[in-house]
Amino acid sequence: MNTAPTPPATPHTARDQTGTVHAATDPVAADHAASGTETAAAPPAAHGPLAGIRVLELGQLIAGPFAAKTLADFGADVIKIEPPGTGDPLRKWRLLRNGTSVWWEVQSRNKRSVCADLRTADGQALVRRLAAEADVLIENFKPGTLEGWGLGWEALRALNPRLVMLRLSGYGQTGPYAHKPGFGILGEAMGGLRYLTGEPGRVPVRTGVSIGDSIAALHGVIGVLMALYHRDARGGEGQMVDVALYESVFNLMESLLPEYDAFGVVRERAGSALPGIAPSNAYRCRASADGQDAYVLIGGNGDGIFRRLMRAIGRDDLAADPDLAHNDGRARRAAELDAAIEAWTRQRTVDEVIAVLDAADVPVGKIYTAADIAHDPQYLAREMVVQSRDREGRPLKVPGIAPKLSATPGALRHPAPRLGEHDAEVWGAHGWPERRD
C-alpha cells in the first residue's frame with residue numbers, strides 16, 4: 001500500500017465541482033471557456049458539505065493523501081504535515097515540471113502545507129495541538145510508528161475525545177501481519193485482484209495505476225464520514241477507522257470466495273473477458289489508418305441487450321436460440337458468441353462498430369487513452385477535465401471532482417501548496433513565532 005515509513009487560511013475564491021470560477025482573482029482559474037461550457041454559479045467552497053471540518057493529514061504518497069484530497073475537495077480544511085526539506089515523496093514521483101510532479105498538483109490541491117519533523121519534540125507537540133482541535137486525523141504510517149512518537153490513538157483520543165482517526169495500512173492495526181510494511185502491489189495481490197488480472201497462462205499483471213491505494217483511500221473516506229455522522233448526528237464520540245489495503249481490495253472481489261467455498265473453484269485469469277458473464281469482451285476491429293490494432297468493448301450480457309446485439313450483427317439465429325435466452329446458457333457458449341461477434345467487428349472500424357451498436361442501444365465503447373480523455377465531449381460536458389493553474393500560474397488540466405452533488409458541490413479552491421507554504425500561519429497560531437522542529 002505505499003505505507004509511509006518513518007519519515008526523514010485565508011479564504012480563497014472558489015471553483016465549483018463543474019469548474020465554474022467564482023471570482024476572477026481565483027489563483028487556480030484559467031480561461032474557463034477552454035472547457036466549452038458555462039454553468040450557473042454554485043455555492044462557494046466555504047458552503048461545501050464538509051465546510052468547518054478540520055483535517056490533519058500525516059500520511060505520505062498515495063492512500064492517506066488521496067483520502068484527505070477527497071475530503072478537501074468538498075470543503076474540509078486540510079493541513080498536510082510534511083518532512084522539512086524533502087516534503088512528501090510524491091512531489092518527485094512520475095513526470096516533473098520545474099522539479100515538481102504534476103501528480104502532486106492533483107493529490108494535494110485544496111490543502112495547506114506545514115513542515116514538521118515528527119521525530120522531534122517540537123514536531124510532536126505541534127501535532128498534539130493540531131489534533132486537539134481537529135475533527136479528523138489521517139495517517140498511513142507502518143503500524144506502531146505513531147505510537148513510538150507518543151502520537152498513537154490512545155494518546156490523541158485522550159486529548160480530543162471527538163477525534164476521528166483514519167489509519168490506513170497494508171494489513172490493518174491488528175493480526176499477525178500488522179507489523180509488516182505494506183505496499184499497493186502486495187495489498188492488491190493478497191486481496192485477490194492480482195491473480196485474476198492478465199491473460200490465461202501468463203504472469204499475473206498489475207493494473208496500470210495504484211488502484212489498491214485508491215480503493216483503500218475511498219474505504220477510508222466512507223469510514224470517516226460514517227464516524228462523523230455517528231459523532232455529530234447520534235451524539236457519539238470520535239473513533240478510530242482501521243482500513244487495511246488488502247481488505248479494501250478483497251471487499252470488491254464479488255463471488256470469488258463463495259465460489260471457492262461452494263464449488264471448490266479457483267477463478268483464473270480470463271484476459272479481457274468477464275468470466276461466467278457473456279458476452280462481454282474486447283473485440284478486434286479493422287486496423288486504423290496508421291496500421292495500429294484496434295479494439296472495441298461490448299457488453300452484451302443482459303438478456304434483452306443480447307438479443308439486440310445479435311440482431312445488429314446479423315445473427316438472428318443466435319438471438320432466437322432458447323438456450324441463449326439467459327446468462328447461464330450464454331456462459332456455456334461464451335467462446336462461440338465471442339467468435340461470432342468478432343467475425344463481425346473485424347470487418348469494421350471502431351467508429352463503425354460504435355455507430356451500429358449505439359443505434360441498437362447496446363453498451364459499446366472504445367479503449368480510451370489520455371489523449372482521448374482530454375478531448376472527449378462527455379468529459380468536457382461534465383467538467384471532469386478542468387483547466388487549472390499551479391502556484392506559479394502555469395496552466396494545467398487536472399481531473400474534475402467526483403461525485404457530483406446538486407446542492408453542495410465540491411470545489412477546486414486553490415492549487416497544491418509549495419513545501420511549507422503555511423508554516424508561519426500554523427506554527428504561529430499554535431504558540432511558536434517561527435517553525436521549530
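In this predicted model, three strands form an open sheet in the order β9-β10-β11, and their pairing is antiparallel. The edges belong to β9 (280-285) and β11 (364-366); each has a single partner strand, so one side of each is left without a neighbour in the sheet. From one strand to the next, the twist averages 30 degrees. Strand β10 (residues 294-299) is joined to β11 by 3 bridges, the two running antiparallel. Along this pair, L297 stands opposite G365 in β11. A helix goes with this sheet too: α15 (residues 350-359) lies across β9, β10 and β11, and runs at about 160 degrees to β11.

The chain holds 18 helices and 13 strands. It exposes about 20,400 Å², with carbon and sulfur atoms supplying 56% of that area.

Now for another sheet. This one is open as well and has 6 strands, in the order β5-β2-β1-β6-β7-β8, with parallel pairing. Here β5 (111-115) and β8 (240-244) stand at the edges, and since each has a single partner strand, one side of each is left without a neighbour in the sheet. The twist averages 20 degrees from one strand to the next. Looking at one pair, β1 (residues 54-57) and β6 (residues 136-139) run parallel and are joined by 3 bridges, and V55 stands opposite V136 in β6.

Two helices that pack on this sheet can be picked out. Helix α1 (residues 63-73) touches β1, β2 (77-82), β5, β6 and β7 (164-169), its direction making about 150 degrees with that of β6. Helix α3 (residues 121-133) also packs on the sheet, touching β1, β2, β5 and β6, with its direction at about 150 degrees to that of β1.

Taking I138 as an example, and leaving aside its neighbours within four places in sequence, its contacts are V55, L56, E57, L58, G59, G64, A67, A68, L71, L166 and L168.

D135 is found in the loop between α3 and β6, while R231 is found in helix α8. Because its relative accessible area is 8%, under the 20% cut-off, D135 counts as buried. R231 is buried as well, with a relative accessible area of 4%. The side chains of D135 and R231 make a polar contact (2.9 Å). R231 also has a polar side-chain atom lying 2.9 Å from the backbone oxygen of R162.

D135 is in contact with G52, I53, R54, R162, L163, V164, L228 and R231. For R231, the contacts are D135, R162, G236, E237 and G238.

How values were computed. Residues numbered from 1 in each chain as written. Predicted model: local features only at pLDDT ≥ 70, side-chain atom pairs only at ≥ 80, totals over all residues. Heavy atoms only, no water. Pairing = 2+ DSSP bridges. Helix = DSSP H or I, 4+ residues; strand = E, 2+ residues; numbered from the N terminus. Axes fitted to C-alpha atoms, helices over the stretch in contact; angles between N-to-C directions. Contact = heavy atoms within 4.5 Å. Buried < 20%, exposed > 50% of the residue type's maximum accessible area, 1.4 Å probe, protein only. Polar contact = N/O pair within 3.5 Å; in protein donor to acceptor, adjacent residues only side chain to side chain. Areas by Shrake-Rupley, 256 points an atom, 1.4 Å probe, with all protein chains shown as cover.
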